[in-house]
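Good morning, and thank you for coming. Please look at the structure on the screen while I take you through several of its parts.

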Amino acid sequence: ETAARLSSSKTAGIEKPAESFTLSLESSDDEAPEEVTFEDSKAAALRSMKQALDTARREKQLLKEKRRKRQELFQEQKKRKLLSADVLEEIDSASSNLKGKYTVTTVKERTLASFQQQVAEEFIRSRLYGPGTCRTTNNEMLSLQNKKGWNKSAAVQFVKKDWGTFRTSLRLMTRGSLLQLLQSSWCNVSSKDKKLKKEKKDFIFS
Amino acid sequence: MGEFKVHRVRFFDYMPSAIRTMAFNSQTERLAVARADGAVEIFNFNDNFFQEKVIPGQDGRATEALCWVGHRLFSAGLNGEITEYDLENLRPQYTVDAYGGPIWTISSNSQGTQLAVGCEDGTVKIFAILEERIQFQRNLNRHKGRIISLCWHPSSAQIAAGMTDMIKIFDAETGHATRRLLVDRAMGASKNKEVVVWSVGYLSDHTIISGDSAGKVQIWNGLTGTLVRTYLVTKWDVLSLVINASQDESSVIAGTSEGTVIQFQFISSTVDQHDKEWVRTRTFRNHSHDVSALAHTDTAVVSGGMDTQLVVRPLLDKVEKNTQESALRKIAFPHRSLVGCAKKAGLLLFQFPDRLELWKLGESEGHVCLMYPYFVCRFLQGEDHICCSALSACGGWLAYSTVSSVRLYRIQYNNTISINKVSKLPKELRSVHQLCFSSDSSKLFASSCQSSVIVVAVSQQECRYLHTLKHKTGEWKARMHLLCASDDGKWLATANTDCEIHIYNLHKMKLHCMVPVYNSCPTTIAIHPVTNNLISVHADQQIFEFSLVQKEYTQWSRRLQAQGLLSLWLERDTPITHITFNPKNPDHIILHDTYMFCIIDQSLPFPELNAVLWNQMTLKSLPVSQRIGQSHAFKICKSFQHLMCVSLLEDLSLVVVERPLLDIMSQLPAPVRQKKFAT
């Protein structure tokens, strides 16, 4: 009877661990109580608790994985939706009078292979440029070269006013704003032209 | 005597692509270089390192490795495909999916019978190299991580494969991994970071040499599987490593993320040569960014990487010192023109791999600028990159080609710009390498696959096939890389990579003659508008003038050859990529390379052998009366750099398209941070 009591209290220990440590000795003068040390039962209870927690965590992971895979599948399916071929053909051959700029591009279907390629490219990127790779900027490197070179000069951002900013925005400009920008001191084309007209010495070939 | 108004153009945002990998073919002396955008370039090391072929790239090709097998060229990339290239028609011949995910490395055995590729899925796959294709044979035993690098043993019996944290030696026959060499991770803070074996080499005596991401070059005994020696050469990665396998396996070079190339040599410290060992010898610092590609020729170390420049560093123990042969070469710009100029309309066409940009140059009257240069439009290309492009002189027609198609556009300038694509093109216009419009914009010439020229008529209504210009029937010729038409519409000149120049009579629509073959490849050709003489400049910097009418070299050309060009001219290390003429002065030939442009005045004497070549500054300082005595034919201007194009418009203004190297450098990826003393 005592043994049975003990075992039932062990299983009951999952919900109420405290209770399992109380050994209730039933009065039975015939049977000696089973010897279970405090450490053993504690260990056993801990083990079963851990097992339960592990199972719960594993189940959670599986569910998360399943949800993630489904999400991926949906993304792929979404990307696979292409425009019909004749619509593409029409866009491609359309002629138009332009008042601004236009560009025509054809979009390619993304596949699982390209996803793997992305992963591989990300691997290189993170190994060479990721955290801990100790990189600097081209600006800083060139400025250091300027400072340590034979002809010492200022850091590069002071030498070149338009460092990296001009070009990317150029293509998005309308003609009006481009004219405005060219009138600023940067543009080599107009200001240099004027400069050359004044100097007129560079191209006199003797 | 010569005063020009100048359009100084710096808005061509040309960005070269990083060099990912390279392979040298010691039989043919050709270097194949693969760029990050998928383009493959072939340099002829026998002809002044001329970039004789360019195979356009493709979006997503992501080439990681190149491999020569005899005269055949293979590449493999992160798109999971192995590609064999058609080096005559300059396009991929076919691609084979390896079904192993992204491919990191490719290598052939010494007999040239098998190709091994290292894949993302952890397999090394073996393909049989057959006559016109490759065929999958089998996988070696799969490893649990990606295969980053591999190398065959010269006997073809083993393959060493570099992975993460280890190198495995496989038996090529059975596929089993026979040895596992464990590579140490970096010391200190990066102990948790896995070490990637970026490259590996296998010597005949079973020595394995590896370069890894922890900055180490390690020497292993492949038979016992033990580490012999470790060299910590950098704080960053050792990205590439190559052995001079075609010579005596006595030299190994390693490229690092710092931009250095380090040489190791198998030498002995004692006289009797018995105790040879691998010793670190030279360090070359010729790059500012990561060196991801290396090649070892008989006499030089070739390197390339993220800074996009190809550097050839001759080894001073293999060449004669202080000669042209021993000079360091840096190839930073393409050896062909990417700028088209419509002389009558004042338009510029910039060719990028994935698009074209059309710009109109500003106009001015006296000191007043009426119009600034403005952007007209952009033509976006899709996956296949652009091979060549052309703009007609009137600016009304634009054509470009990729490996698979040709596009033709009609451009009209009224109050607005209107662009119409000509949709129905003759079926003969398919795979084209060079395009050129006739000077009256009525015809388009296209060099096609069968080394012939397709002639089509372009008009408001349509594009109509006219004729195909061929050599003698059945005779196979190399691909044409240059095409030019005369101003009067009578002549067409073509040049191919076998150094042949052919002249066609466009009135009779047949071959007129072939210029005597000179053993250096022409880098540019042009027909003089008045005399109809053909000017050709070659990779070795020689200049020739050939009379089309007389079918022989001109007197001027013979005199130039007899006199000889000055050594300073011949030692220039960038090719002449464009020739143009002066409408006002028929004696002028205007040509340029990356660092200078030159007006050759055919009415003036050639410089004496001891004369100063760059004498413009000296002449300016002399009084006018004395200048005539000192003048010679070569008038060189070095005020503009780095030149992409120099052209003369109809209104006699000079157009100078510059792309300063600094502008390119400012847009490169991040270099490593070096701690320098006192900074």
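Predicted model: local features only at pLDDT ≥ 70, side-chain atom pairs only at ≥ 80, totals over all residues.

Let us begin with chain B and its strand E3, residues 30–35. Is strand E3(B) mostly covered or mostly open? It is mostly covered, as five of its six residues are buried. Strand E3(B) also has partners. Strand E2(B), residues 19–25, pairs with E3(B) in the antiparallel sense over six bridges. Within that pairing, Met22(B) has Val33(B) as its bridge partner.

I turn now to two open sheets of chain B. One is formed by four strands in the order E10-E11-E12-E13, with antiparallel pairing. Which strands lie at its edges? They are E10(B), residues 103–108, and E13(B), residues 134–139, each of which pairs on one side only. From one strand to the next, the twist averages 25 degrees. Strand E12(B), residues 124–129, is joined to E13(B) by five bridges, and Ile126(B) stands opposite Arg138(B).

Another open sheet has four strands in the order E14-E15-E16-E17 of chain B, again with antiparallel pairing. Its edge strands are E14(B), residues 149–152, and E17(B), residues 177–182. The twist in this sheet averages 20 degrees from one strand to the next. Strands E16(B), residues 166–171, and E17(B) pair over five bridges, with Ile169(B) standing opposite Arg179(B).

An unreviewed UniProt entry annotates residues 46–76 of chain A as a "coiled-coil region". In the model this span is 100% helix and 0% strand, and its end C-alpha atoms lie 45 Å apart.

Finally, we come to the empty space inside. Rolling a probe the size of a water molecule over the atoms shows where empty space is left. How many cavities of 30 Å³ or more are there? The count is nine.

The largest cavity holds about 190 Å³ of space. It is lined by 16 residues, and the closest to its centre are Val54(B), Arg336(B), Gln434(B), Arg479(B) and His481(B). Strand E5(B) gives the largest share of this lining, with five residues. By class, the lining of the largest cavity has six nonpolar, six polar and four charged residues.

The second largest cavity has a volume of about 140 Å³. Of its 17 lining residues, the closest to the centre are Phe333(B), Pro334(B), Thr577(B), Thr594(B) and Leu643(B). Strands E29(B), residues 329–331, and E56(B), residues 643–648, each supply at least two residues of this lining. The lining of the second largest cavity divides into eight nonpolar, five polar and four charged residues.

That concludes my presentation, and I thank you for your attention.

Terms used
Residues numbered from 1 in each chain as written. Chains lettered and ligands numbered in written order. Heavy atoms only, no water. 1 Å grid on protein atoms, 1.4 Å probe; cavity = no way out; pocket = protein on both sides within 12 Å on 5 of 7 lines; lining within 4 Å. Points joined across faces, edges and corners; volume = space filled by probe spheres on them. Nonpolar A, V, L, I, M, F, W, Y, C, P; charged D, E, K, R; others polar. Pairing = 2+ DSSP bridges. Axes fitted to C-alpha atoms, helices over the stretch in contact; angles between N-to-C directions. UniProt positions renumbered as here; feature names shortened; annotations may be inferred. Buried < 20%, exposed > 50% of the residue type's maximum accessible area, 1.4 Å probe, protein only.
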